[in-house]
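Biologist: I would like to know which cut-off stands behind each word that we use for this model. Could you take me through it, setting the values against the definitions?

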Amino acid sequence: MRTLALNIDIVILFLMALAALWTVMTRSLLRSAIGLALTSAMLTILMFRLHAPLAAVFELSVCSGLISVVFIATISVTQPMSQEKVLQHMRDRLERFWYLPILLVLIGIVLSFVNFKFNLSVPLPEIEKDPRVVLWNQRPLDLLGQIIMLLTGVFGIIILFREAKQK
Amino acid sequence: MSAQALTLFWPFCLFIVVLFVIGFYCLLVTFNLIRALIGLELLIKAVTLLLVLVGYVTAHEALIQSLVITLIVMEVVIIAVAAGIALGLHRHNKNLDTRQLRNLKG
């Protein structure tokens, strides 16, 4: 049973790596954005399986949904290239990106032979199990940081898209 | 760390490294700003998965979930602002090729 669960995890990990590779290798930026959303969806499944359901829901709604929308909107606003430029761009991309699969295979081979020893601590018995309690009661400063970061983002966007005053 | 967690730890580590390498390579070789942002996203996803894995292995799932939620909020803000900067650059320069963006070059 445990082996089956591990096999499912490995299949999902493999699909996630494949989606990430497709995201990087594909020519179209729109397909790249879709590939990123797929990678994010695979990551969500893995997070569910690693007992992190709350973070998984955030990942699915925010990273797979909202960020994809931001990317697709940005891509649609930017102008498409001319046919000649597209052909030149394809040749350039092929030259730059064809090393990636080879690099990945080499890294995979090297890592499969290396055996690092990690000394991870044994959990203490009084660990809080509810993420809501941790977030709201034990780490309220994190929430303050999140609010400040969100406000920074909002002000940044306002400043970036501020229209020049008419004289 | 239990034997079950140890068997889970290694395959995940391998794929986290693979994801990190993909993101880093994309960031390194691309000249398109949007694709660079996509590479950055992949790097953040690798870090997120590493955090969740360590939380699972050390049984600190609740703490790690709160950290991951904070990380996701940061990620959204960074991507939104960076996409805004990319749009602004496109409006001024009519392309997103980093080789052409030399307005601030000394």
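**Values against cut-offs**

Modeller: In chain A, 54% of the contacts between residues at least 6 apart in sequence join residues at least 24 apart, where a contact means heavy atoms within 4.5 Å. This is a predicted model, in which local features need pLDDT of at least 70 and side-chain atom pairs count only at pLDDT 80 or more, whereas totals for chains, interfaces and linings use all residues. Residues are numbered from 1 along each chain as its sequence is written, chains are lettered from A and ligands numbered from 1 in the order in which they are written, and side-chain values use heavy atoms, with hydrogens and water left out.

Biologist: How many helices and strands does the secondary structure of chain A come to?

Modeller: There are 7 helices and 0 strands in chain A, counted as DSSP runs numbered from the N terminus, with helices (H or I) of at least four residues and strands (E) of at least two. From the N terminus on, the order is therefore written α-α-α-α-α-α-α.

Biologist: Why is B:Glu61 called buried?

Modeller: Its relative accessible area is 17%, and buried means under 20%, exposed over 50% and partly exposed in between (1.4 Å probe, protein chains only), so the value of B:Glu61 falls in the buried class. B:Glu61 lies in helix H3 (residues 61-93) of chain B and, leaving aside residues up to four places away in sequence, touches A:Leu50, A:His51, A:Lys129, B:Gly55 and B:Tyr56.

Biologist: What makes B:Thr70 count as buried?

Modeller: B:Thr70, in helix H3 of chain B, has 11% relative accessibility and therefore counts as buried. With residues up to four places away in sequence not counted, B:Thr70 touches A:Asp142 and A:Gln146.

Biologist: Which class does A:His51 belong to, buried, exposed or partly exposed?

Modeller: A:His51 has a relative accessible area of 45%, so the class is partly exposed. This residue sits in the loop between helix H2 (29-49) and helix H3 (53-77) of chain A, and A:His51 has a positive phi of about 60° although it is not a glycine.

Biologist: And what makes A:Leu94 exposed?

Modeller: The relative accessible area of A:Leu94 is 62%, so this residue is exposed; A:Leu94 belongs to helix H4 (residues 83-97) of chain A. The C-alpha atoms of A:Leu94 and A:Arg27, which are 67 residues apart along the chain, are separated by 9.3 Å.

Biologist: Why are H6(A) and H3(B) called roughly perpendicular?

Modeller: Helix H6 (residues 131-138) of chain A packs against H3(B) at about 65°, with the axes 7 Å apart. Axes are lines fitted to C-alpha atoms, for helices over the stretch in contact, and angles run from 0 to 180 degrees between N-to-C directions. Angles under 35 degrees count as roughly parallel, over 145 as roughly antiparallel, 65 to 115 as roughly perpendicular and the rest as oblique, so H6(A) and H3(B) are roughly perpendicular to each other. On the H6(A) side the contact is made by A:Pro131, A:Val134 and A:Leu135, and on the H3(B) side by B:Ala62, B:Leu63, B:Gln65, B:Ser66 and B:Ile69.

Biologist: How do you know that the charged end of B:Arg99 sits over the ring of B:Phe31?

Modeller: The charged end of B:Arg99 is 3.9 Å from the centre of the B:Phe31 ring, and a charge sits over a ring if NZ of Lys or CZ of Arg is within 6 Å of the ring centre and within 35 degrees of the ring normal. The distance is therefore within the limit, and the pair is classed as a charge over a ring.
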